[in-house]
Each structure stands twice: as structure tokens, then as C-alpha cells.
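Subject: Structure for your files

Hello,

Here is the structure you asked about, followed by what turned up in it. Please keep it open while reading.

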Amino acid sequence: MLAAKKDRRASVPIGNGVDWESGLKERNKCMRAVVQNMRQRIKDADLTEKVLLNEAKPLEVGMIDLCESEKLRKLLFMSQFDVLLRLDALWQDRLDGCPNAPVLRYLGAEKKGSTWYQIFDIISGTLEPRVEDRAFYDWILVPEMDPPRQNAIPPEVYFDDLSGEHVVLISSSCAESVRIVCGLVFPLNRYTKDRWDDQHSIVRDAVTIANITDVRMSGDNNLEDKSVNHGRPRSQAVLQTYFTGKQLQKGVLYRISPRLVDFNFARVLLNLVTMDFQYTFSGESGESVPFHDLIENPPEFASSDSYCGERGKRIEKEVLKGLRDLAKLDVPHAKELILESSQQKAAEKLMVNRLTVIWGPPGTGKTYTLALSTLRMIEVLGTAALKECPIILVTAMTHAAIEAILNKIRSLMEHYGALKERDSSWLKMISLQRVWTGGTHPLPSSPSSKGKVNIYAGTTFQLYKFCERAHVKANLIIIDEAGQLALGTAALVIRWLHEKGKLVLAGDHHQLAPIFATTYPVLPDVPLFGSVLDMLMGRKQEGLTVAESYQSLEASQERSLDPGEAIVQLSENFRLTKDLGEFVETIYTKKFRAMNTPKHDIIESLQLWLGLSWSEDRIMEAARVFLLDLANASAMPKKGTKLSLKPPQMKGDHDSEGGKVEPLGQASLALLRVSAPRASIIPYEAH
């Protein structure tokens, strides 16, 4: 089969009768001649050490897999090209000496528990504390030259972001072993420590790998140098470090700049090549490739065979009627299990279609709809869910989003369990599991998972590792924040969809998009170079269509959707007031029904509390004034009232000699630690 695939490619002409193999050979010969000529000119000019900074290591390639599928081939190219562009941008910045890199002064080390942290004063530039709890060690730290040496080559230039980790890429004719440090986990262990030796000796001696743990204000530690700071508070960076060279020196200045970190890169490439291999021989094997079917023809994919169907939709209506009857009787917990009008349409689509897209701005309850629709489907299937839907995968762009949907499922399960008027024994079938490490997580065949409807939640990378190891196919895949997830990254999970499995996406392509190194061309049929949601929502020809705009808020006046239409826009907004909802309607096709009305008693209490809660701390006092202005703005003042909203400022102080000290700049509200009591079950409308 491998030989047959290779022979077919070799016979494909690319123009003027030239086949792929001959064309690539001629192209490579030309490029080799250009490179050799350039190197010789540099050598003749005696500029080798100044221009050719890194060692030219031999590269052997057994085959370049071009992918049989045109769309998979384009995705494969874009994934590689984007990494190269990001590397080029990093390298250009390093050549310039990282002029915009924050400069830090090393103060010393602190120990918390069994972990040592390195403390730095932030002298110039800004740093943000990390969002995720995991340590990615995605920064490199080098001593700042003071004064800078003319024509000196910065140590960062020698850092090779694509050298380090073995990744096996399987192509249709061979297996290539590539070393990629952008996916290397720090600190290194005894199995990976030797890979650091691939780096240049200057890197091993001068570069420290760092992870930003926190950004704080000075004053809460004993390491502050009063002689340098004149007793004034200063922003500090708390780092975890990994280094093999010189130890950090107190009082020395260091500059910190990013390195390329992409744990998904090698997996994305391998995944796309593997799916292309499956697609090439799908006719012979009879197995479908769900991701390829999705990008080739989404409407056909959406309406293809799946479980539940119209029968499940009818049963779901009966369940909904029973819950509404209980809600009318003011039965506790029943109201929390009833979806609003547009949310209910999304739940019905999930029952019938193989593909469902839940679209809406923040506050429309996308996560709530995903969670309750999933539980409702399991309730409708009953014991049949053990056969029809035993494996459910839940993922999102961030750990916070994954935790949000898990918490929502848990909360709704508590509501179901507390509803004594209905049978909730089906809840015992559900096993909700967080996949932190796909390589070690218990398999579905384990005693705790066997005979259950297993809901596995994790990042795309960890779910990919888990499914690859467990050899399982998912009956339902849920992707929240789909507008932020690049199509190639989403493919890591969608690859494992069962041939009759359902795919549910939720998000908003008008919000944050995936970050790419450049702008890619807009393809005439399918926009591949964006998020998985862009691929569906941005289709212009023969694609999925969004529901018609509301002509009225009455659901009965809305046009019914055709079976092939899989996109549902949520129209109830639980965060926006009426005025804000009308503004957001300029972007979206439907009008929004504001579910949130200003609670004047709460606002008045907040105004009173903030008005009396003075603080002697300058930062807290500035933040109090700022928040008081926000409370006044929330009180919806009459037209003509002017409010002055200014970010909190830390005013400059005077030194001991009476001279004015330079202002410290704006104090980020992120530095304020705010806590609030958390109830076990909070009604969705109040969250």
C-alpha cells in the first residue's frame, strides 16, 4: 500500500509534463547551489564568524510527505510555516539584542515549602504573571551587558529553539526522528538532560531557562535592597529557573525574553500526516476519517447518521414538559434544569444532528447550554447511553474554561440529584474525570470506568495522548471556546471521533482568535487558516448558514431551521443590560433579550461601602476610588452626568533630600488579591 501511494504521487504532473519527483529534485539542486554560492562569498570576505553564527548541522530527509488530501496538505504546510515565522521573529529580535526585553536586578532566593524561587526587581519593561498553574519555562534569562559591548553577539542568538527532543514523524515511506526543544519539558530529568548538550556552549554557559511564577510589589520580603530602591515599593518578578551554567549573581542585571514553546507542534504534524494516510486508504479499509469529512463538507457531516435522532428529540420534549410543570409548582432545583428558548433549540440540535455549533457573545450561557444539553442527552438515552455514548471528550483552549464546564456539569448533577420528584438513578452511570496526564490516566477498561458513561475533560494534547494510548473512539466531543482553537490543534481531538459520533462546538468567532505569525490567504471555499469555528462560521459558498435574524422576540415568529443547519445563535444574555444588549446587536444577527437588570439595592450598598472604606495604602486607596467610579457608572446616571474613570495611579514620593522621585506608573488591578465566599450551588442567573 505504501508503494502504491508513492507511485501515484510520482506520476502526478505539476505542469509542462514534469512530475513531482523530478520537479522537487530540480528545485533542491537550485537551492543548494544558491546556498553554496552565498557561503563561499561570506568566506571570501572573511565574515564567517560574524554572519554564520550557528553551526550548520547536516540534515537528512528520507521523504517529504505532501499529503494526498489537498486540505490536509495546506494545513500541514501552514502549521510548519507558522512556526518558522515565529522563530524568525524571535531570531531577528535576538540579533538586535532584545531591545524591548524587560531588565531585572537579581535580589536573591526564597524558599516556599520544598521549592526555591528567584526574586528580581523589575528595572524596566513589564511582565505579566502566568495564567496557568503549569510551569512551562518559556523564558530565557541572560546577563545584561553594562555597558553594552560594540558588535557583541547576544547569547540569545545562539539559542536553538528547535533542538532537543526526539519526536518520531511517520511518513508514507519512512520514519523520521526530529529533535525539537519547543516541546521539551523543564526542568530536565535524567532521560532528557543529555539533550541540553545539543545547545551551543555559549548557551549552556550564559543562558538560564526561567518560568514566571508571580509578579508582586516589593515590601513583603527581606530581600529588597533599600539602598537601591530608596525605600520605595517596586514591582518584583518571582521566577523558577533551570540552568546548567553560571549561578545567578546578586545585584547583576539580567534581561528576560521569550523562547518558542509549542507542545502541540510535533503532534499536530504527526496527526495530520496520520489522518492523510487513513484517508488515502479509507476506500480499501472502509473506515471514515471524521476530521477530513468535516473540512470537506460540513453540511453533509452535520446531517450524517448519528445516535439519538428524532426519537431522542421527542423524549427530550417530554422531559422538558415534566420539569416545567415542577417549576410552576415552585419545586426547588427544577428551574435550574430548564433552558431558555434559544438554548433549548441548541439542545434539540444536539439530539438530532451529528454537528452542532452553539454561537453567541459572552453571557449567553454557552457553557451552561453545553453542560445541561449533555446531561439531558444522557438522561434521554437512559441505560442505552452505556452502548451509544460511553466515551465523551470535553476540551477547550484554557484550563480555566475546562474547569468551568466541569464545575457546571457537577453543579447541574447536584440539582438533578436533589430533585426528588424525578428519577435520577441515571446519574450513577456518569463518571466525570479530569485528564491531567494522558499517558497515565486510568483507561476506560479500569474498574472505576468500566460500565460507565465516561466524561474525560482535558487539553487537546492530553486527550490526544490518552486516546492514542487507550485506543478509544469518542461518541461525543465537546469543544468550548472553539473560536480560540486553531483548526490544526482541534484536529488532535476530532481525529478520535467515532464514525457516528457527535461533535459540538461552542464559542464566538467575533472574539479572541488564534494567534498566528502572519495573515494567511482566504481560500475561496473553506477558510482553513483560522479557528475550527472560523472554518464553519466563515463559509461563504455551499456552507452552513446561521439562523435568520429575529424579526420579533417571540420564538413562534422565528423561522424554523432546516435539518442541515447546525448553527444556533443564543439570544438570551445574562450579563448585559438592555442598553448594552442593543449595542452588541450591531455585530450579531439576532436581537438579545436582556436577562440582567440593574439591582439598585446592591449598587447602593456598594457605593456606600466604597465611600466609607478609606485605606492608608496608596494602591488600595487608588483602586477604591476607581471602583467607586465604576459603581457610580453602574447606577445608570441621567444623561448629562459626567464620570471621570481613570486607572489607579501610584503617585511619586519625595526622597529624604526633598527631591521628587519619578512616578512609579500605573498599578495593575491584577496585583489586588480579591476573594469572595463561594456557594456550592449558585443559580445560573446570579453567577
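Glu-156 is buried, with a relative accessible area of 0%. Keep in mind that the model is predicted. The side chain of Glu-156 meets that of Arg-255 in a salt bridge, 2.7 Å from N to O. Glu-156 sits in the loop between S3 and strand S4 (166-170) and Arg-255 in strand S8, so this pair ties together parts that are 99 residues apart in sequence. Arg-255 has 6% relative accessibility and therefore also counts as buried, the cut-off being under 20%. Salt bridges that share partners join Glu-144, Glu-156 and Arg-255 into one network.

Six strands close it in the order S1-S2-S7-S6-S3-S8, with antiparallel pairing. From one strand to the next, the twist averages 50°. Some details of the pairing:

- S3 and strand S8 (residues 253-258) are antiparallel and share five bridges; Pro-143 stands opposite Tyr-254 in S8.
- Strand S3 (residues 139-143) also pairs with strand S6 (residues 208-217), in the antiparallel sense and over three bridges; here Trp-139 stands opposite Ala-210 in S6.
- Strand S2 (residues 115-124) pairs with strand S7 (residues 235-242) over four bridges, again antiparallel; Gln-118 faces Leu-239 in S7.

Back to charges. How many salt bridges does a search of the whole structure find? The search gives 13. One of them joins the side chains of Lys-71 and Glu-296, at 3.6 Å from N to O. Because Lys-71 lies in helix H4 (residues 70-95) and Glu-296 in helix H9 (residues 290-296), the pair ties together parts that are 225 residues apart in sequence. Lys-71 is buried at 10% relative accessibility, whereas Glu-296, at 35%, counts as partly exposed.

Another salt bridge is made by the side chains of Glu-621 and Arg-624, with an N to O distance of 2.7 Å. These two residues are three apart in helix H21 (residues 618-634), so about one helical turn separates them. Arg-624 is buried, with a relative accessible area of 10%.

Ser-373 lies in helix H13 (residues 366-381) and counts as buried at 2% relative accessibility. Not counting residues up to four places away in sequence, Ser-373 touches Leu-339, Ala-347 and Leu-350. Met-413 is found in helix H15 (residues 399-418); its relative accessibility of 18% is under the 20% cut-off, so Met-413 counts as buried. Leaving aside neighbours within four places in sequence, Met-413 is in contact with Leu-375, Leu-427 and Ile-430. The C-alpha atoms of Met-413 and Leu-372 are separated by 9.0 Å, although the two are 41 residues apart along the chain.

On the surface, Leu-608, Leu-612 and Trp-614 form a nonpolar patch with about 400 Å² of accessible area together. Leu-608 is in helix H20 (residues 600-612) and counts as exposed, at 56% relative accessibility.

Lastly, the totals. The chain has 21 helices and 17 strands, and 44% of its 687 residues count as buried. Of the contacts with a separation of 6 or more, 73% are between residues 24 or more positions apart.

Regards

Conventions:
Residues numbered from 1 in each chain as written. Predicted model: local features only at pLDDT ≥ 70, side-chain atom pairs only at ≥ 80, totals over all residues. Heavy atoms only, no water. Pairing = 2+ DSSP bridges. Axes fitted to C-alpha atoms, helices over the stretch in contact; angles between N-to-C directions. Patch = residues over 30% accessible without salt bridge, like charges linked within 9 Å, V, L, I, M, F, W, Y side chains within 5 Å. Areas by Shrake-Rupley, 256 points an atom, 1.4 Å probe, with all protein chains shown as cover. Salt bridge = Lys/Arg side-chain N within 4 Å of Asp/Glu carboxyl O. Buried < 20%, exposed > 50% of the residue type's maximum accessible area, 1.4 Å probe, protein only. Contact = heavy atoms within 4.5 Å.
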